[in-house]
Amino acid sequence: MLNHYATGKSSSKQEQWNAFIELLRQAFADGREEQLLTLLLTADERDAVGLRVNIIGELLSKNLSQREIQQKLNTSAATITRGSNMLKTMPDDFLQWLLRR
């Protein structure tokens with residue numbers, strides 16, 4: 001999979017995303033997810049992903065207003081709004097899956 005990039009072949013953003021997803025699937029299957037994500041993401045990017053997971057969890061719980069989530073997680077209103085807007089685009093079965101986590 002990574003050999004594709006090493007050969008210098010160009011690919012579309014969608015193909016790059018699909019290759020990342022497949023690599024991630026393989027990393028999880030092989031128990032290498034933490035190593036792969038540490039390789040690919042900076043510490044700040046990993047922190048940002050963790051924050052987004054917390055934001056989604058807070059939004060799904062519906063215990064706090066967006067402003068309260070913003071204050072609790074010490075982040076921007078735009079970041080909370082982005083999470084809220086993305087949740088609105090997700091299929092209901094995916095949201096139900098998230099709620100079971």
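The legends below walk through several close-up views of a predicted model.

Residues are numbered from 1 along each chain as its sequence is written. Because this is a prediction, local features need pLDDT of at least 70 and side-chain atom pairs count only at pLDDT 80 or more, while totals for chains, interfaces and linings use all residues; side-chain values use heavy atoms, leaving out hydrogens and water.

**View 1. Two domains make up the protein chain.**
Domain 1 covers residues 1–40, and domain 2 covers 42–100. These bounds come from an automatic or database domain assignment. Taken over C-alpha atoms, the centres of domain 1 and domain 2 are 25 Å apart.

**View 2. Residues 66–89 carry a UniProt label.**
An unreviewed UniProt entry lists this span as "DNA-binding region". UniProt positions follow the numbering used here, feature names are shortened, and annotations may be inferred rather than shown by experiment. The span is 88% helix and 0% strand, and its end C-alpha atoms lie 18 Å apart. Helices (H or I, at least four residues) and strands (E, at least two) are DSSP runs, numbered from the N terminus.

**View 3. The largest pocket draws on both domains.**
Here you can look into about 1000 Å³ of space. A pocket is found on a 1 Å grid over the protein atoms alone: where a cavity is a set of points at which a 1.4 Å probe fits but cannot get out, a pocket is an open set with protein on both sides within 12 Å along at least five of seven lines, and lining residues have an atom within 4 Å of a point. Grid points are joined across faces, edges and corners, and the volume is the space filled by probe spheres set on the points.
The lining holds 25 residues, with Val 49, Arg 52, Val 53, Ile 56 and Arg 82 nearest the centre of the pocket. Two or more lining residues come from each of helix 2 (13–29), helix 4 (43–61), helix 6 (77–89) and helix 7 (92–99). Helix 4 gives the most, nine residues. Domain 1 and domain 2 each supply at least three.
By type, the lining has 17 nonpolar, four polar and four charged residues. Nonpolar covers Ala, Val, Leu, Ile, Met, Phe, Trp, Tyr, Cys and Pro; charged covers Asp, Glu, Lys and Arg; the others, Gly among them, are polar.

**View 4. Two aromatic pairs are found in the structure.**
The ring centres of Trp 17 and Phe 20 are 5.4 Å apart with planes at 40°, so this pair is tilted. Rings of Phe, Tyr and Trp (its six-membered ring) pair if their centres lie within 6.5 Å; planes under 30 degrees apart are stacked, over 60 edge-to-face, and the rest tilted. Both residues sit in helix 2, three residues apart, about one turn of the helix. Trp 17 is partly exposed at 49% relative accessibility, and Phe 20 is partly exposed at 25% (buried is under 20% relative accessible area, exposed over 50%, partly exposed in between, with a 1.4 Å probe and protein chains only).
Phe 94 and Trp 97 form a stacked pair, 5.6 Å centre to centre with 20° between the planes. About one turn of helix 7 separates Phe 94 from Trp 97.

**View 5. Lys 62 has a positive phi, and Asn 74 does too.**
Lys 62, a residue other than glycine, has phi near 60°. Lys 62 lies in the loop between helix 4 and helix 5 (66–73) and is exposed, at 70% relative accessible area. Asn 74 has phi near 55°. Asn 74 belongs to the loop between helix 5 and helix 6 and is exposed, at 72%.
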